[in-house]
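Colleague: I'd like to go through the labels on this one, step by step. Can we take a look together?

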Amino acid sequence: MDIRSINPTKIVCVGLNYIDHAKELNMEIPEYPIIFLKPTSSIIYNEDYIIRPKISKRVDYEVELAIVIGKKCKNVKKSEAEDYIMGYTILNDVTARDLQQKDGQWTRAKSFDTFCPIGPRIVKDIDPMNLNIECRVNNEVKQKSNTKNMIFDVYELVEFVSSIMTLYPGDIISTGTPPGVGELKAGDVVECEIENIGILRNYVKDEE
């Protein structure tokens, strides 16, 4: 399915949702999903450019499995969540890490234009609980895990997020990143790959 055919009203992201990532950071396993929003104005697609803003000295990649909602939902039970999912895609939760640390909350760091690459397509009939997930920068593997290492699975996340806010067709829930996040520099090629979905490739340049 063409990723450009959806028109999300919001992008809901989950922080710290891989057991191996929590261990890497020496952080406690969260009792419930920690969520934040990215604006839809940050969306770009496969083969587009990520632009590092002048104000930031450190911009990072974060490969994530993203859920695309198929129909309006509120207060969906985990057991029914699959009925409301259009499919899955890849999302790179690009982050101005220095601004994230400076602000204490994440809105500015996550919201710059071009900070939400998604694609290359939406896939439906896959098992979201057991997918290899990887990020490469200039062909060097930086992140490598499997979605079975998620703390909260995709159906739990649909239940949790829909208990807070109404989700509409095309809305995106991004499910968190595995260990190994790191910096992007101008000239880099970043490839986010998830088994059975494909490769989301983007190029990096500095703001002019």
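This is a predicted model: local features need pLDDT of at least 70, side-chain atom pairs count only at pLDDT 80 or more; totals for chains, interfaces and linings use all residues.

Colleague: What is the bridge partner of Leu 91 in E9?

Modeller: That's Ile 118.

Colleague: And what makes strand E7 and E9 a pair?

Modeller: Three bridges link E7 (residues 85-92) to E9, and the cut-off is at least two, so they pair, in the antiparallel sense.

Colleague: How do you know that E3 pairs with E9?

Modeller: Strand E3 (residues 43-44) has two bridges to E9. At least two are needed, so E3 and E9 pair, and they run parallel. Ile 44 stands opposite Pro 117 in E9.

Colleague: Why is strand E9 called largely enclosed?

Modeller: Six of the eight residues in E9 (residues 116-123) are buried, so the rest of the structure largely encloses this strand.

Colleague: Now Asn 132, in strand E10 (residues 132-137). Is Asn 132 buried, partly exposed or exposed?

Modeller: Its relative accessibility is 42%. Buried means under 20% and exposed means over 50%, so Asn 132 falls in between and counts as partly exposed.

Colleague: What makes the link between the side chains of Asn 132 and Asn 146 a polar contact?

Modeller: The distance is 3.0 Å, and the cut-off is within 3.5 Å for a pair of N or O atoms. Asn 146 is also among the residues Asn 132 touches, including Ser 145 and Glu 193.

Technical notes: Residues are numbered from 1 along each chain as its sequence is written. Side-chain values use heavy atoms; hydrogens and water are left out. Helices (H or I, at least four residues) and strands (E, at least two) are DSSP runs, numbered from the N terminus. Buried means under 20% relative accessible area, exposed over 50%, partly exposed in between (1.4 Å probe, protein chains only). Contact means heavy atoms within 4.5 Å. A polar contact is a pair of N or O atoms within 3.5 Å; within protein, one must be able to donate a hydrogen and the other to accept it, and residues adjacent in sequence count only if both atoms are side-chain atoms. Lists of a residue's contacts leave out its neighbours within four places in sequence.
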